[in-house]
Amino acid sequence: MGTIATIHEMLVKKQVSCTELTQRYLDAVEQANPALNAYVNVTPDTALATAAAVDKKIAAGEEIGALEGVPMTLKDNMSTKGIETTCCSKILTGYKPIFDATVWEILQEQNAVLLGKTNMDEFAMGSSCENSCFGGAANPFDTNYVAGGSSGGVSSAVGGNIAAYGLGSDTGGSIRQPASFCGVVGLKPTYGAVSRYGLIAYASSLDQIGPITKTVEDASLVFDAIAKKDKRDSTSVGGGNTYATLNRDIKGMKIGIAREYLDGVRDDVKEATLAAAEVYKSLGAEIVYFDLPVLKFALPVYYIIACAEASSNLGRYDGIRYGYKTAHYTGTHDMICRTRSEGFGEEVKRRILLGTYVLSAGYYDAYYKKATDLRGTIISAFNKAFEQCDVILAPTVPMTAFEKGHAVSDPIETYLTDICTVPVNIAGLPGVSVPCGFNAKGMPIGMQLIGKSFGEAQILNAAYRYQQAAPEKFRDTKWGVKL
Amino acid sequence: MKYELVSGFETHIELQTKTKIFCGCTTQFGGEPNTHCCPVCIGLPGTLPVLNREVVRFAIKAGLAVHGEIASVAKMDRKNYCYPDLSKAYQISQLYAPLIIGGYVELSSGKKIRLHHIHIEEDAGKLIHRHGDTYVDYNRGGVPLIEIVSEPDIRSVDEAREYVEKLQQVMRYIGISDCRMQEGSMRCDVNVSVRPEGSETFGTRTEIKNMNSITNIVKAMEYEYDRQVDLIESGGKVVQETLRYDDVSGTTSSMRSKEDAHDYRYFRDPDLVTINIPREEVEALRAEMPELPADKCRRYIDALGIPEKDAQLLTKYRRISEFFDAAIEGVKSPKTVSNFIIGQMFRRAETESDKEQFDLPTTPQQLNALVKLLDSGKIRNNLAKATLEKMLDTGKPATDFISESDMGGVDDNALLALCKAAIEGNAKAVADFRGGKEKALKALVGNVMKNSRGKADAQAAEAKIKELLG
C-alpha cells in the first residue's frame, strides 16, 4: 500500500526517486480522476519542483523527514498561496490566496509534495460531496457510490491511491464520514489542536483540520506534524504527540459504548461496530455500556450553531474584492444580491438562511441561545461519560456510502447521516474513523473512536491496536499507484 | 408648554495604539489607499483575528479615567451587517460582555453624566466616491475604537458641548487618542428626544449619526429639538429613526426608520477567546495613569492659588499643564508663571491642535529661569515680558537678551541707596509729599527709575520711599 511509511522507506533506500514517484502519482491522477473526480485542481509544477528539491537532498546524503517527498493533497478550502482555492464554490472562482494556511506552511517546510487540491461539498456543507460546483467525487470502492462529504475528494484520492494522504476539515463529520465511506482512516482532532489559520471557515467554533490516511500510523504522523500552537489562531493550543504511544498495550483500557449511538443505525453497521468491540475484548480491553441521552439534541444543536456561524462567515463574499462577481447590476446592493444569488449553491443558501433566521431579533433566544446552552449540557455529559471509560466506540455513520444522487433528493435524511459524528464537534473532542468491515455489496464500514479533550494519543493507540489485530478491514482499491 | 431636551451620546474614539486591533498593520491616519492593510484586516477568507492586548490596556485606562468598573471577563461579539467598507460583513465588537461597565463624566456644574458602558471594537474602511464610481479604502479597517455609551442624562446643548469637551480632554490626557473630530478619530452619534418639562417618561428619540464637530453637534441638537417640539405642538408624533445632519442646510434628514433598522444578529465571535483581566493588571494601569484634568485643576486652585478660570485654561490640554508643572519648579509664585503662559504663550498656539501639541520654541526650563530672575528682583516685569517675546521668537534663553548691566544694582541695598539719594536731592518734592500731595511721590520714584536706568522695580521703589518718609 502507498502509505507514508512505505514511501519514506522507498525514498530513503533510493528504490525510487521522489521525481519518479511524484510523476507516477501525477500519471495516476490523470488516469483515475475522470472516474473519481477527486481533484479539482492538479498542481504538477509545484509537485515536481518540491520533488526535485527532495531528490537533491537525498543525493547530497541528507536525512529526510517522515513526510518529506510524500505526495499528498489538500482539501480545496485550505489557502495555498498562488494556487486557486475555491471551496468548490462558484463564488470563489479564480480566487488565488496571497498567503498560506498554517498547516500548508508547516507541510511545505517538510517538503510535502502537493499534487493538487481536492473536491468537497461547497464550503464544506454536505455529506456526499455532491454539493460541489465541480460535481461530486466518486467512491473508489464503487464509482456509482458517493465518496461522502464534505472532504469527499481527499477520501476518494487516498482510497484511490492518487495521494498518499491528505488534509481534510471536519465541522460535523466531514473528515470521518467520507473516510468511513471510502475505507480509509480519518482523524478529527480536538478543537484547537490544529491551527485553523487559512482554513476557509464554515463554522468557526466547530471547524478543525485533520488527516485522512490509509493507516492509523500515517494519521498519527501527519497529526503530530500539524498539531502545533499557532499565534495567528487565538483558539489554537497545539498538542501533537501521538506516534510514540501508538503500539502501547491496551489491556485494561475501558472502551465505552453509548446505547444512543446505536439507535437507528443500519444492522450491518451495528454488527461491524459490535464485532470491533469483540476484537477489543480479545485485546484485553473492557467494554462498558452507558447512556448518553443528550445525544438526541446533538443534531439540532449542530445545525443551529453551524448555520448561525456560517451565515456570518459567508457574508464577506460580495463580489467586491475577490472571486465571482455578477456581470450585470444596477448598484452596489443589486450587485451584492446578484453575486450571492448566482455564486452560492442551493445548500449553502439554505444554511445561510437558516443561520440568519436563528440569530434574528426575536428568535435568538429560542434557537441560538438555547443551542449554545445545550452545547454546554452535551459537553458536561461527555465529561461524565469519560469518568466511566477511556475511549468511546461508536459507528462513524449509521450507514454505508449511498448511491450518487441519493443525498440531493432528501436533505433531511442527509442531515441525519451526521448524527454520530456531530456530537464530537459540539463537544470539541477528538474522533477517529477507522475501517471495521464491509457490507454485503463490499462497501466499507467505519467505526469511530472518540477521546477525551486532547486525548488523540489514546484513540490513535486504540485504533492502531485494532488495525494490527484486524488488518483485513483495511482493504485497498483497484485505483492508482501500487507500491 | 415648555419642553425639556433629553439626550444621550454614543461616542466613538480611535485608539492610538501602534497597530490595529486584530493584526499588525499600522494605525497611522492617511497613507495611500489600501496600503495599511493585510489579509487579516481586509478579511480574506481563512484569516483569523488575534486581539492586540494593547487595545485592552488603552480601553482600561479610558475606563479608569471615567470612573468605570473594569470587567474581569470580557468577550468579543460579531455585529453582522453588509456594507462595502466592512470587509468581513461583520464588525467585531462587544455587546454581551463589554470591557467597562458604568462610570460617569462630571461637568463643571458638578452634574454627573452617567455612562452605560464602554466597549472595544474595530473601525470600518472608507468609501470614496469619485467620477460617479465608488472606491473602498480599507486603511482604517481594523483601527481600534472604543465606544462610550452614555445614559440619556444630558439636558441642554451646553451640557452636550461640555460632555464632549470633557471626554475629549480626559482621553487626550491619558494619551489614548488625539480625539480629532475633523479627522474622524472622535465621532458622536447623538440621541435626542423632548418631553414636557416635569415629565418623568422619555419621549420618542431620534439618532443623529456620525457628528464630526462640536459646532455641528450643537446646531443639529438645536435643530432637532425645535423640529420635535414643533411636530408635537402641531399634533404630530416623533418617529423613531436614524438621521443624518447636513451642515450646509443646517437640517436633519432621515437615513432609515425603525422598521428598516438593522438587525445586527450579534453573537459571540468564535474566533476570539475570552479576555481575562487580572486585577493586578488593572492596578498596574491605574498606577500608570497621569493626574486627571479635574484633579489637576482642583490642585492648581487649592494648592497653587491659581484663579479657577486660569486653572481651567491651564488644564484643558495635557501638554500645557505639563509645561506649567515643569515651569513652576522652585518659583515664588506659580501664578506669575501661569500669567506668562496664558498672557503671552497662548497667543502663539492659536489652534486647538497647536494647544494640544504646545510645541513652542521656549522650554519650561527657560520660562522657569526667566521667572526666577524676576523672583530675585534682578529684572522687573516689563523687561521679563519683553524678554519672553524674544525668547518665543528665537527659542533662546532669557540670558541671551538680558545683559549683565540690565541685571544687578536693583537688589534691596541698591534700591535703598537710590531712594535715599532721590529724597536728598529733591527737597521740594519731599516737602510737597509731606504737605499731602500724593503726586509728588511719582517724581521721587521717577528719579529712582532714572538713576537706575529703568532697572529698578517702580512699585518696590514707591514702597521704600514711603517707608523712608513715613
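**Chain B and its partner**

Author: A compact globule of 470 residues would have a radius of gyration near 23 Å, but that of chain B is 30 Å. Please bear in mind that this is a predicted model. The box filled by the C-alpha atoms of chain B, taken along the principal axes, is roughly 95 × 55 × 50 Å.

Chain B is given domain 1 (3-284), domain 2 (299-400) and domain 3 (412-469). Between the centres of domain 2 of chain B and domain 3 of chain B, taken over C-alpha atoms, there are 32 Å. In its secondary structure, chain B has 15 helices and 17 strands. Of its 470 residues, 39% count as buried. Among the contacts in chain B with a separation of 6 or more, 68% are made by residues 24 or more positions apart.

Chain A may now be considered in the same terms. For its 483 residues, a compact globule would have a radius of gyration near 23 Å, and the 21 Å of chain A agrees with this. The C-alpha atoms of chain A fill a box of roughly 65 × 55 × 45 Å along the principal axes. In chain A, 61% of the 483 residues count as buried. Residues 24 or more positions apart provide 76% of the contacts in chain A with a separation of 6 or more.

The secondary structure of chain A consists of 17 helices and 13 strands. An open sheet of 11 strands in chain A runs in the order E1-E3-E2-E6-E8-E7-E12-E13-E11-E9-E10, and its pairing is mixed. At its edges are strand E1 (39-42) and strand E10 (286-290) of chain A, each of which pairs on one side only. From one strand to the next, the twist averages 30°. As an example of pairing, strand E2 (residues 71-75) and strand E3 (residues 113-118) of chain A are joined in the parallel sense over five bridges. Within this pair, A:Pro71 stands opposite A:Val113 of E3(A).

The nonpolar interior brings both chains into view. In soluble globular proteins, nonpolar side chains tend to be buried together. Here the largest nonpolar core has 220 residues, and A:Ile304, A:Ala463, B:Ala59 and B:Ala62 have the most contacts inside it. Helix H10 (residues 295-313) of chain A gives this core its largest share, 11 residues. Another core, of 26 residues, lies apart from it and includes B:Met345, B:Leu367, B:Leu374 and B:Leu383. As for B:Ala59, if its neighbours within four places in sequence are left aside, this residue is in contact with B:Leu99, B:Ile100, B:Ile118, B:Ile120 and B:Ile146.

It remains to describe where the chains meet. There, 33 residues of chain A are in contact with 26 residues of chain B. On the side of chain A that touches chain B, at least two residues are supplied by each of H10, helix H11 (332-343) and helix H12 (346-359) of chain A. The largest share of that side, three residues, comes from H10(A).

Terms used: Residues numbered from 1 in each chain as written. Chains lettered and ligands numbered in written order. Predicted model: local features only at pLDDT ≥ 70, side-chain atom pairs only at ≥ 80, totals over all residues. Domains from an automatic or database assignment. Pairing = 2+ DSSP bridges. Helix = DSSP H or I, 4+ residues; strand = E, 2+ residues; numbered from the N terminus. Axes fitted to C-alpha atoms, helices over the stretch in contact; angles between N-to-C directions. Rg over C-alpha atoms; globule rule 2.2 N^0.38 Å. Buried ≥ 20, exposed ≤ 12 C-beta atoms within 10 Å, placed from the backbone. Contact = placed C-beta atoms within 7 Å. Core = buried A, V, L, I, M, F, W, Y, C linked by C-beta atoms within 7 Å.
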